[in-house]
Amino acid sequence: MVFVTKPPSENFSYPRGSKVSKFFAGIPLIDLSKPDSKQLIVRACEEFGFFKIINHGVPMEFITRLESEAIKFFSLPLSEKEKAGPPNPLGYGNKYIGKNGDVGWVEYLLLTANTESNSQRFLSVFGQNPEEFCSALNDYISAVKKMTCEILELMAEGLKIQPRNVFSKLLMDEQSDSCFRLNHYPPCPELQDLSARNVIGFGAHTDPQIISVLRSNNTSGLQISLRDGNWIPVAPDHNSFFINVGDSLQVLTNGRFQSVRHRVLANGSKSRVSMIYFGGHP
């Protein structure tokens, strides 16, 4: 099954020289409750390195609760948010992404996926009561990790690889480098000037881990690159998840699956909040 993705109607910045498709009807939609999901997952990973899932089993309560807590955090004064930083690489960051000097119209929290080790970081932000934020974070990460392991096991079945947990056991390892990221893309005032067409929210990249699980609010901005180099907009769906093949999974499958290049465009009118679980290996 595929779903139609329409071009975003908000005011966006398009990088100079990029080829952007206005309409695309081929991003796979996979229902995890259906018996053919494992075959569809393999096909999607081969053709796109990207797909959307429904009937994922993650409680909506966990999703909306963490989004609410994320919005509360990003609404704090900058001086308060910076108490959770600077990113090294974990922690709060603003505009500067990673160690290569990349800059984007984004602020973020990069955290370990080890749910027991994040509370200390937020003591300085929330005083002695970081429990509400950390509880929402832990519930969400635990549920999404369980779903991600199910997807990886369906993937192994579709590839006819034994044992079934050949990929998922890597995420379950205590030494896994899995991490979790909250991104906030505030409206970009520069885009009110129509001549400012080169502002990026998060530049084009692939993810180094095995698999990435993305969920965002209902603001557009995400794009993926097709094999022909065209960029296509991905319509948001706050009830579903989007799955990226990472560089490590490309290696583990000897190139049969290919990691997907993706980016986020700056938005001139709406705020975008995204939550990404990066499933890694030891």
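I began with burial: of the 282 residues in the protein chain, 53% are buried. The model is a predicted one, and I read every value below as computed from it.

**Overall layout.** I counted seven helices and 13 strands in the protein chain. I then looked up contacts with a separation of 6 or more, and 73% of them join residues 24 or more positions apart. The accessible surface of the chain is about 12800 Å², and carbon and sulfur atoms contribute 51% of that area.

**Helix α5.** I checked the length of α5, which covers residues 131-159. Its 29 residues, at 1.5 Å a residue, should span 42 Å, and the C-alpha atoms at its ends lie 41 Å apart, so the two values agree. Lys160 follows α5 and has a positive phi, near 60°.

**Aromatic pairs.** I found six aromatic pairs in the structure. One of them joins Phe73 and Phe74 in an edge-to-face arrangement, with 5.4 Å centre to centre and 75° between the planes. Phe73 is buried at a relative accessible area of 0%, and Phe74 is buried at 6%. Another pair, Tyr140 with Phe241, is tilted, at 6.4 Å centre to centre and 45° between the planes. Tyr140 belongs to helix α5 and Phe241 to strand β11 (residues 241-245), so this pair ties together parts 101 residues apart in sequence. Both Tyr140 and Phe241 are buried. I also noted one aromatic cluster, formed by Phe73, Phe74, Tyr92 and Phe133.

**Charges over rings.** I located the charged end of Arg181 over the ring of Tyr108, 3.9 Å from the ring centre. Arg263 lies over the face of Trp231, 4.1 Å from the ring centre.

Methods. Residues are numbered from 1 along each chain as its sequence is written. This is a predicted model: local features need pLDDT of at least 70, side-chain atom pairs count only at pLDDT 80 or more; totals for chains, interfaces and linings use all residues. Side-chain values use heavy atoms; hydrogens and water are left out. Helices (H or I, at least four residues) and strands (E, at least two) are DSSP runs, numbered from the N terminus. The expected span of a helix is 1.5 Å times one less than its number of residues. Buried means under 20% relative accessible area, exposed over 50%, partly exposed in between (1.4 Å probe, protein chains only). Contact means heavy atoms within 4.5 Å. Accessible areas come from the Shrake-Rupley method with a 1.4 Å probe; for residues, only the protein chains shown count as cover. Rings of Phe, Tyr and Trp (its six-membered ring) pair if their centres lie within 6.5 Å; planes under 30 degrees apart count as stacked, over 60 as edge-to-face and the rest as tilted. A charge sits over a ring if NZ of Lys or CZ of Arg is within 6 Å of the ring centre and within 35 degrees of the ring normal.
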